[in-house]
Amino acid sequence: YTPHQTRPQYTAQNRQHNRVPAPPHGPPARPETVFYCPNVGGRPSRCRPIKDCAAWYEEVLATPNTACRSRDGSPGSCCPDLPFNIRGTPFIEPSTCESGVELDYNGEGLDVLAVNEAASEAELELEAQKVLAKRLQDNHIVVQAESARATHARFAYPSKPIRNINNEAFLNVHAASVLVKRFQIKSEQVGCALQKLKLSDTDLTRKCSTVSKAHCSEQNLNSPFRTIDGSCNNKRHFVWGRSATQYHRILPSHYADGIWAPRISINGSALPSARLISSTMVGDENKASGSTTIWFMQYGQFLDHDIVSTPEMSNDDGSPIPCCKEDGKFLEDENRIHGKCLPIEVPENDPFYSRFGRTCIPLIRANLACRTDGKLGHAEQLNGNTHFIDLSLVYGSDDQKAGELRSRVNGELSVFVKQGPGFHKFDLLPQTDSSPLNGPCSLPKAVTGVEPPENIKCFKAGDGRPDVTPAMATTQIIFLREHNRLARELARWNPHWDDERLYQEARRILIAQAQHITYNEWLPILLGRTKMAAFGLLPLQSGFSRDYDEQFNPSILSEFVGAAFRFGHSLIQGKTLLVNKHRGVENVIFLREHYFKPQLLYTPGNLDKFLIGLASQPTQKVDLAFTKEVTEHLFEKRDMGFGLDLVALNIQRGRDFGLRSYNAYREVCGLGRAKDFDGLADVMNPERFKSVYNSVDDIDLFIGGVSETKAENSYVGPTFRCILTDQFMKLKRGDRYFYDLGGQSSSFTEGIDSQDVRTHQLLIQLGCRTTERNSSDKSGPNYLRQQRS
Ligand code: HEM
Ligand SMILES: [Ca+2]
C-alpha cells in the first residue's frame with residue numbers, strides 16, 4: 001500500500017461505525033479519521049494502543065465493540081482516560097522508641113563498660129559458632145549433596161561481603177541481647193532503652209560502619225544513570241535503597257525478647273508449628289483464574305528477584321549449615337548452631353512427612369543487616385539486591401558482579417551462544433558451574449529418556465536464582481536479549497557512542513520498560529485501578545510526573561518481603577505447559593523435576609514454547625490452595641519423595657523477621673483488630689484458624705493474608721493490598737530515576753544533548769511512556785521542548 005492508503009482491516013465483520021476502508025482493488029478509501037468508541041465502564045472512551053488500556057481490562061472485556069484501529073492502522077482498543085492520580089499517604093516508619101513508653105529502668109550501669117562486656121561476649125559467641133561449625137564438618141554432620149536443604153542454600157547464598165556484614169551485625173544484635181538479659185529490660189522497652197546508648201567509644205564503634213560509608217561524587221549525583229548498587233539515588237541519604245542494607249518496617253518488630261528471639265504466643269506458650277499450620281489450613285486444589293495467565297505469576301517472581309534477595313546465614317566459608325539430621329529428626333542440642341538455625345517442627349502424625357519419618361524441616365535464619373541508624377536495637381534483615389526496581393537481576397547489585405556480566409563490546413551483556421541445528425544459533429545467559437553440593441544442572445535420564453547432553457550448565461545472572469525454574473530462566477533470557485537488542489539498535493543510530501555509553505543507555509531503557517510493565521500492566525491486576533489511583537500509582541497518560549519526593553525512603557519493607565509479596569506462591573501452577581505456536585500443548589513438566597535444572601532451554605524452540613505457555617496457561621488464585629509441588633516437593637532431591645514446604649517456610653520466615661501478627665496489620669490497614677476468631681469473619685472463614693491457633697492475636701501475617709477474600713477489583717485481600725500498595729508507592733516516589741519523571745525533580749533529563757533525543761525516541765517506540773501520546777510529540781525537538789518547559 002502506498003503511504004497514503006490506510007491498511008485494510010483484518011476481518012469482514014468490522015462494525016459499521018469503524019468505516020472499513022475499501023480493499024486496495026475497490027474504490028479509493030476515504031481517509032480514516034474518527035472511530036466511534038462505545039462507553040466503557042460507563043465512561044466515554046477513545047481508541048488507543050491496546051497496552052494503554054491495561055488498567056481497564058475487565059471493563060473492556062465486558063463491553064462489546066471495543067476493538068478498533070488507530071490512525072496508523074495498528075490494532076487498538078477503546079477505553080477511557082485513566083482516572084486522576086491522588087497522591088495517597090504512606091506509612092511512616094515506626095520510631096524505635098515510641099513516645100509514651102516509660103522506662104522502668106533508669107539506665108544505671110548501662111554504660112561504655114557494660115557495652116564493651118556485652119561486645120566481648122558476642123565475640124566469644126561468634127568464635128564458639130565457628131568452632132562448632134568446624135567440629136560438625138569434621139564429624140561429617142553436613143548438608144547432604146543435592147538435598148532440598150542444599151538447593152535452598154543455593155537459592156539464598158550469601159556472598160563474602162554479605163557474610164562480613166552479617167558477622168558485624170550479629171555482634172551488635174548479640175551484644176544487645178546480652179544487655180537486655182543482664183539489665184532485665186522488658187521487651188516493649190528495649191527500643192527506648194537501647195536508643196539512648198551511644199556506641200562511640202565502645203568496642204562496637206567500628207562494627208557496621210560500612211553502612212554510612214557510601215561515597216557519592218558530584219558525577220554520581222548528577223549522572224543520568226543510576227549506580228549499580230543503588231547508592232546516591234537519594235541526594236541526602238546516599239544509602240537509601242542501596243544493596244546490602246536493611247529492610248525497613250511498617251510496624252515495629254515483634255521479637256520475644258525485643259531483639260531477635262522468635263515471637264511466642266501472647267499467652268506465653270510456643271506458637272503452633274509452621275508446618276502444622278500449613279498442613280491444617282492449606283490444600284492443593286485447582287482454582288484457576290478465569291482471566292489471568294501464568295505470566296502474572298512469572299513476572300511477579302521476576303520482579304521479586306529484582307527488588308528482594310534475603311541471603312541466609314552460613315558457615316564462614318559460605319557452606320550451608322545443617323539444621324536437621326539426615327534422617328529428618330532434630331539435631332542434638334550440642335550439634336545445633338544456635339542463633340543460626342530455626343528448624344520447623346513437623347508433628348509425628350503429619351499427613352505427608354510422617355510417611356518418611358521426618359519431624360524436622362530445616363530453615364536457617366536470614367542474614368542480619370547493620371542498622372542504618374547506627375544504634376543498638378532489634379534485629380533487622382538484609383536485602384542483598386538493590387531495593388529499587390532497577391533490574392538488579394539482569395545487571396547485578398554490585399560493581400564486581402555487574403562487570404562480570406558485561407561483554408565490554410558495544411554495550412552488550414555476555415551471552416552463551418548455543419549452536420542449534422544447521423546455522424541456527426541462539427543466545428542464552430552465560431553459564432556457571434554448579435557446586436558438587438548442588439549436583440548437575442542437567443536432567444537425569446529418568447526424566448528425559450535420554451542421557452543428559454554435554455555442556456548443560458546452570459546460568460549466571462545479576463541475581464543468584466535464575467535457574468530456580470525454567471520459566472524464571474526464560475524470563476531472564478528475554479530481558480538479557482532485549483538489553484542486547486537495545487544496545488545494537490542504539491549503536492546503529494549512534495556510531496560514536498562507546499561501550500560504556502551504549503551499556504548505560506540500553507540499561508536505562510530496559511529498566512524503564514520493566515518499571516512500565518510493572519505499573520502499567522502488572523499492578524492493575526494485583527491492586528486494581530481504583531486503589532492505584534488513590535495512591536498515585538497509575539502511569540501518566542501524558543507529560544511527566546513530579547512525584548519524586550526525596551523524603552521517601554524507597555526501601556523494601558520487612559512485611560512486604562516476609563509475607564505480603566509472597567502471595568505469589570499461591571499463584572503457582574504445579575505443572576508448566578510448553579505450548580507451540582498453534583497453541584498445542586507439546587509438553588507438560590512438573591516443577592519438582594526442574595528446580596535448578598534449566599536444561600530444556602538448551603533445546604531450540606523451547607524458549608518460545610515456554611513463552612507461549614506463560615501467555616496461555618491460566619494462573620491460580622490467591623487463596624489457601626497451594627500446589628504440592630511447593631508444599632511437599634519444593635527442591636526435592638530425586639527419588640526422595642519429599643522436599644520442603646514453602647508455606648511452612650513463609651510462616652517461619654515471618655517469625656524470623658520479627659513480623660507482628662496478622663491482627664496488628666488488620667488494624668494498621670483499617671480493618672480493625674479482631675477481638676476473637678469470629679471477628680475475622682468480615683474477610684475470611686475463621687473456622688480453620690480455631691483448630692490451630694490459641695489466640696486470634698497469634699495468627700501469622702502470611703497465612704492471615706492469603707486467607708482473606710479478594711478485595712474488590714484486586715487479586716489479593718485488603719490487608720496484603722494495603723501493604724503492597726504502600727510498598728509500590730515508596731518504590732515509585734522514592735526513586736529519583738523513576739522513568740516517568742520530568743526534568744525538574746530528576747537528573748534523568750538534565751544535560752540532555754541531541755543524541756539523547758534518539759534514545760528517548762526509541763523509548764517511546766517500545767511503549768515506555770515518556771511523553772505525550774500524540775504522534776506529533778514523538779519528534780525530537782518537540783520532545784526536548786517538553787522536557788524543558
Ligand atoms: C515456582 C515459583 C516459585 C518458587 C519455586 C519460589 C520459591 C521460593 C523460595 C524457596 C523462597 C525462600 C523461602 C524462604 O526461605 O523464606 C521464596 C521466597 C520468596 N518468594 Fe518465591 N517462589 C516462587 C514464586 C514466587 C512468586 C510468583 C512470587 C511473587 C509474586 C514470589 C515471591 C517471593 C518473595 C517476596 C520471597 C522472599 C524473598 C527473599 O526474602 O529473598 N515467589 N520463594
Ligand atoms: Ca533492584
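Helices, of at least four residues, and strands, of at least two, are DSSP runs numbered from the N terminus. With that naming in hand, welcome to a set of close-ups of a predicted model.

**Figure 1. The whole chain and the confidence of its prediction.** The chain holds 24 helices and 15 strands, and 48% of its 789 residues are buried. Of the contacts with a separation of 6 or more, 75% join residues 24 or more positions apart. The average pLDDT over the chain is 87, and 88% of the residues score at least 70. Two stretches deserve a word of caution. Residues 1–33 have a pLDDT below 50, and this stretch has 26 contacts in the model beyond near neighbours in sequence. Residues 743–789 also fall below 50 in pLDDT, with 67 contacts in the model beyond near neighbours in sequence. Where pLDDT is low, the predicted coordinates should not be read in detail. For the complex, the predictor gives an ipTM of 0.99 and a pTM of 0.91.

**Figure 2. Helices H12 and H16 pack against each other.** Here H12 (residues 470–493) meets H16 (residues 606–614) at an angle of about 105°, their axes 10 Å apart. Angles of 65 to 115 degrees count as roughly perpendicular, so H12 is roughly perpendicular to H16. H12 brings Pro470, Ala471, Thr474 and Ile477 to the contact, while H16 brings Leu607, Phe610, Leu611 and Leu614. Sorted by class, this contact of H12 with H16 has 7 nonpolar residues, 1 polar and no charged ones.

Figure 3. Staying with H16, we find Leu607, Lys609, Phe610, Ile612, Gly613 and Leu614 buried. Which elements cover these buried residues of H16? The cover includes strand E5 (288–293), helix H8 (295–307), H12, strand E13 (575–579) and strand E14 (585–590).

**Figure 4. The shell around ligand 1.** A total of 23 residues surround ligand 1, and the closest are Gly300, Thr310, Phe565, Gly568 and Arg653. Helix H3 (148–155), H8 and helix H18 (646–656) each supply at least two residues of this shell. H8 makes the largest contribution to the shell around ligand 1, with 4 residues. By class, the shell residues divide into 12 nonpolar, 8 polar and 3 charged.

**Figure 5. Two loop residues with a positive phi.** Most residues other than glycine have a negative phi. Ala244 is not a glycine, yet its phi is positive, at about 65°. Look for Ala244 in the loop between helix H6 (218–222) and strand E4 (245–246). Is Ala244 buried or exposed? Ala244 has 27 other C-beta atoms within 10 Å and is therefore buried, the cut-off being 20 or more. Phe596, also a residue other than glycine, has a positive phi near 55°. Phe596 sits in the loop between E14 and H16. With 24 other C-beta atoms within 10 Å, Phe596 is buried.

**Figure 6. Pro44, ahead of strand E1.** Pro44 lies in the segment before E1 (46–49). Pro44 counts as exposed because it has 11 C-beta neighbours inside 10 Å, and 12 or fewer is the limit for that class. Leaving out residues up to four places away in sequence, Pro44 touches Asn39 and Pro80. Between Pro44 and Cys78 there are 34 positions in sequence and 9.1 Å in space, C-alpha to C-alpha.

**Figure 7. Leu624, in the loop between E15 and H17.** This view shows Leu624 between strand E15 (618–620) and helix H17 (628–631). Leu624 is partly exposed, with 19 other C-beta atoms within 10 Å. Apart from neighbours within four places in sequence, Leu624 is in contact with Met281, Val282, Gly283, Val706 and Ser707. From Leu624 to Arg154 the separation is 470 residues in sequence and 28 Å in space, C-alpha to C-alpha.

Figure 8. Leu331 is buried, with 20 other C-beta atoms within 10 Å. Its contacts, leaving aside neighbours within four places in sequence, are Pro322, Cys323, Cys324, Lys325 and Arg336. Leu331 and Arg583 are 252 residues apart in sequence and 50 Å apart in space, C-alpha to C-alpha.

Definitions and conventions
Residues numbered from 1 in each chain as written. Chains lettered and ligands numbered in written order. Predicted model: local features only at pLDDT ≥ 70, side-chain atom pairs only at ≥ 80, totals over all residues. Axes fitted to C-alpha atoms, helices over the stretch in contact; angles between N-to-C directions. Parallel < 35°, antiparallel > 145°, perpendicular 65-115°, else oblique. Contact = placed C-beta atoms within 7 Å. Nonpolar A, V, L, I, M, F, W, Y, C, P; charged D, E, K, R; others polar. pLDDT = per-residue confidence, 0-100. Near = placed C-beta within 6 Å.
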